[in-house]
Each structure stands twice: as C-alpha cells, then as structure tokens.
Amino acid sequence: MKRYSNHDYFDTSKPINRPLKDEQKAGGFRCSHCKQWAVINEFMGTANRNHCNICLWSKHVDHKKGDRMAECRGGMRPVALTFKHEGLNRVGEIMLVHICCSCNKISINRIAGDDDNMLILEIFDQSMALDASLRSDITRQGIYLLQQTDKGELHRQLFGSYSTS
C-alpha cells in the first residue's frame with residue numbers, strides 16, 4: 001500500500017502568501033458604535049463578520065462585497081430585516097438591512113449565530129414603522145422587507161419554533 005505525503009496532495013513548491021486582514025489578526029474589532037469587542041472566528045462562522053454582534057451596527061467599508069475600499073467609513077445603522085433570496089418559494093436565512101448614516105448607502109448582511117436575537121426582534125418591530133421614503137428606497141433596490149406575516153419564520157430561524165409571543 002502506497003503512503004502519500006502532503007507533497008503528493010499539495011503543491012508545496014510555492015509559498016502561500018495570504019495576507020490576513022488586521023481584524024482577523026486581532027481576532028475581532030472594536031465596534032465604532034457601541035465600542036464593544038466583536039469576535040471574528042472562522043470556527044464560529046464569523047470569519048467574514050461585518051457588523052457588531054452586540055448592537056448590530058456595521059461600518060461602511062465596502063464598495064463591493066469584501067473589498068474594504070470604501071472611503072466613507074460611516075456608521076451603518078440596522079433598520080430592517082430581509083431573507084436571503086433563495087429562489088422561487090424558498091425562504092433563505094435572515095439578513096440585516098443597514099443604511100449608512102453618512103452617505104445613505106443601503107446594504108444587506110447575513111446575521112451570525114452570536115448576534116443578539118432579542119435585538120434582531122427589536123429591529124424587526126421597529127422596521128414596521130420605517131419612514132415611507134426609506135422603505136421605498138430599500139424596495140427599489142429589490143430588497144424584500146420582512147412583514148408581520150414573516151414573524152413566524154423569523155422566530156423559527158432564531159429560536160427553532162414558530163412562537164411569536
């Protein structure tokens with residue numbers, strides 16, 4: 001029986017030079033809104049975290065997903081929730097809708113397992129009273145805002161049940 005070394009499976013002739021982001025090197029980042037430490041950890045599924053798990057605010061750093069090139073750097077307030085688009089009649093995972101407090105850019109971001117579920121529910125409740133102009137801006141971008149009829153699915157995803165109390 002032949003034994004394989006790592007060399008048989010991987011090209012070890014070229015060094016791997018993957019620069020880690022400063023946040024990953026530090027294991028997280030200090031939230032610019034609440035000043036708490038948000039953990040970045042690949043094993044927790046938060047390696048690509050872009051918002052604070054405590055206050056759910058983000059920072060406007062991307063022009064396009066993951067590039068970290070935006071010059072704005074404004075605080076991005078969580079204003080609503082949506083589901084990731086998974087195709088016809090399929091409900092995807094919960095996503096936060098953020099708006100930049102400096103330039104009004106709207107973006108959506110996946111929630112993480114250690115995000116504050118009660119705060120997610122508060123954002124859902126507050127989104128029912130969103131300004132009509134902001135609601136229109138969000139829907140014009142093709143983002144479906146969760147409605148009261150989505151509350152059962154929201155609870156199911158957050159808590160594993162359809163309880164809405």
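**Reading a loop, a sheet and its helices**

Modeller: Within the loop that links β3 and β4 one finds C72. Please bear in mind that this is a predicted model.

Colleague: Which residues does C72 contact, apart from its neighbours within four places in sequence?

Modeller: They are H60, C100, S102 and C103. H60 is twelve residues from C72 along the chain, and the two C-alpha atoms are 6.2 Å apart.

Colleague: How should I read the sheet, and what is the order of its strands?

Modeller: In general, the strands of a sheet pair through backbone hydrogen bonds, in a parallel or an antiparallel manner. Here four strands form an open sheet in the order β3-β4-β5-β6, and the pairing is antiparallel. β3 (58-59) and β6 (106-110) are the edge strands, each pairing on one side only. Between β5 and β6 there are five bridges.

Colleague: Which residue of β6 stands opposite H98?

Modeller: That residue is S107. H98 itself belongs to strand β5, which spans residues 91-100.

Colleague: Is H98 buried or exposed?

Modeller: The threshold for burial is a relative accessible area under 20%. H98 is buried because its value is 0%.

Colleague: What polar partners does the side chain of H98 have?

Modeller: One is the backbone oxygen of L56, reached at 2.7 Å. The side chain of N109 also makes a polar contact with that of H98, at 2.6 Å. Leaving out residues up to four places away in sequence, H98 touches several others, among them H51, W57, M76 and K105.

Colleague: Where do the helices lie relative to the sheet?

Modeller: α3 packs on the sheet and touches β4 and β5, its direction making about 90° with that of β4. α5 lies across β4 and β5, and runs at about 100° to β5.

Colleague: Which residues of α5 are buried, and against what do they pack?

Modeller: In α5 (residues 151-159), the buried residues are K151, G152, E153, L154, H155 and L158. Those buried residues pack against β4 (75-85), β5 and α3 (117-127). After α5 comes G160, with a positive phi near 80°.

Note on methods:
Residues are numbered from 1 along each chain as its sequence is written. This is a predicted model: local features need pLDDT of at least 70, side-chain atom pairs count only at pLDDT 80 or more; totals for chains, interfaces and linings use all residues. Side-chain values use heavy atoms; hydrogens and water are left out. Helices (H or I, at least four residues) and strands (E, at least two) are DSSP runs, numbered from the N terminus. Buried means under 20% relative accessible area, exposed over 50%, partly exposed in between (1.4 Å probe, protein chains only). A polar contact is a pair of N or O atoms within 3.5 Å; within protein, one must be able to donate a hydrogen and the other to accept it, and residues adjacent in sequence count only if both atoms are side-chain atoms. Contact means heavy atoms within 4.5 Å. Two strands pair if DSSP finds at least two bridges between them. Axes are lines fitted to C-alpha atoms, for helices over the stretch in contact, and angles run from 0 to 180 degrees between N-to-C directions.
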